[in-house]
Amino acid sequence: MKQFDIPLLYKSSFISRIKNSRKINDPKKKDFTPALLDFGPIKFYIARHFGFCYGVENAIDISNRIINENPGKNIFLLSEMIHNPGVNNDLLSRGVQFLMDTSGKRIYNWDRLTKDDIVIIPAFGTTLEIESELKNKGLDPYKFNTTCPFVEKVWNRSTQLGNQAYTIIIHGQYNHEETRATFSHSAKIAPSLIIRDFNEAESLCSFILDESKEKEFYQFFKDKLSPGFDFSNDLKRMGVVNQTTMLASETDSIAELLKKTLSIKYGVAEIQDHLADTKDTLCYATNDNQESTYGLSNVNADFAVVVGGYNSSNTTHIVELLDQKFRTYFISSADKILSPNTISHFDINSKKEIRTNGFIHEIEPIHIILTSGASCPDAVVDLVLRKIISFFPRVKDMDLVLKEFE
Ligand code: SF4
């Protein structure tokens, strides 16, 4: 795989060595069991795969080059480059400005953009409408483009489906930048509809089976349908693509449900005419991270710590999976561990940061799962690990643990 130039501040001498050692011993990623790091009173299970993915490293590398090569220029990012507060704050501290927030709300006056400015497209890509708006201002939206190739792959898949007269069902979060971009590209080619999860897929299937619910259908999927979507015609033939970071198991269930529903409606023998035979369009990093999370689910641990941006879709799915079996703490940085007893962490249900006491119990040894999302630097995971072991004066030396592991 292509190598990128990643600033030292995102790297970690400890975590990156663990990852490298796993890579060398298992280059084809056949083993998704976690690494066990034995510090004595504390034992960490570290996921087989986590942290910066291809698309994130690509975006960081390109953005750094743009910043270094263009001193004195106005440099803008359409919105957060990736969903990690540390990386985004670093860009802001180097003079980069954001044009929109993650929901697409403009936080800079676009009338002030000039053709001499630099606008970087983030890893999620952007909509055709924004591309066109930038072009109208004399800015080339492809010149400083960090769109991940795995996102572009989804757009290509949508185009293929559209060209075969399939309606495109996008399994994704309506407000996520990537899904907005994918929807914009697919809607140009074919009727398109976004479903967020299995529950929404069930609603869609009930509309497919009951044609008298046309009015309810338009209300339910308001703002999630391409312009001119035709309830009578556009639900007869469909293909599914994903936001690249969704839960693989949920995408499978949705495809199965659609297959069952369209088979009931049109007959099993006709299913190929009504549902494209597609594989999911999740990216390799999502698949590897989720497989590694299933690997973590098989261990016996006291609790799990997942590190990443709270608005990161792939990190949230890792939390959801681990939460089914362990007390799971979703934190954005080591600072969130306030003491051995107290942790401030993000609750994915209430979407709020909450404080929990009784974080680390006193019965040793303590087994902790540690992993992160695809946009989290190894350096941040490293700091979390160091913070936890700092509470235990009798832990083994880090070099010794590394040596024993390697
Ligand atoms: S998570 Fe996947 S699609 Fe998103 S930037 Fe990383 S590699 Fe690309």
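Predicted model: local features only at pLDDT ≥ 70, side-chain atom pairs only at ≥ 80, totals over all residues.

**Exercise 1.** Find out which stretches of the chain belong to domain 1, domain 2 and domain 3.

*Solution.* Let's start with domain 1, which is written in two pieces, 8-53 and 284-405. Domain 2 covers 54-136, and domain 3 covers 149-274.

**Exercise 2.** Describe how domain 1 meets domain 3, and say which helices of domain 1 take part.

*Solution.* Step one is the spacing: going by C-alpha atoms, the centres of domain 1 and domain 3 lie 35 Å apart. Next, count who takes part in the contact: six residues come from domain 1 and seven residues from domain 3.

**Exercise 3.** Work out whether H11 and H12 are roughly parallel or roughly antiparallel to each other, then look at what lies between them.

*Solution.* Begin with the geometry: the two helices pack at an angle of about 20 degrees, and their axes are 10 Å apart. Angles under 35 degrees count as roughly parallel, so H11 and H12 are roughly parallel to each other. The crossing of H11 with H12 is right-handed. Now for the residues: H11 brings Thr286, Asn289, Gln290, Thr293, Leu296 and Ser297 to the contact, while H12 brings Asn314, His317, Ile318, Leu321 and Leu322. Sort these by class and you get seven polar, four nonpolar and no charged residues.

Methods. Residues numbered from 1 in each chain as written. Domains from an automatic or database assignment. Contact = placed C-beta atoms within 7 Å. Helix = DSSP H or I, 4+ residues; strand = E, 2+ residues; numbered from the N terminus. Axes fitted to C-alpha atoms, helices over the stretch in contact; angles between N-to-C directions. Parallel < 35°, antiparallel > 145°, perpendicular 65-115°, else oblique. Left-handed = near helix turned anticlockwise from the far one by under 90°. Nonpolar A, V, L, I, M, F, W, Y, C, P; charged D, E, K, R; others polar.
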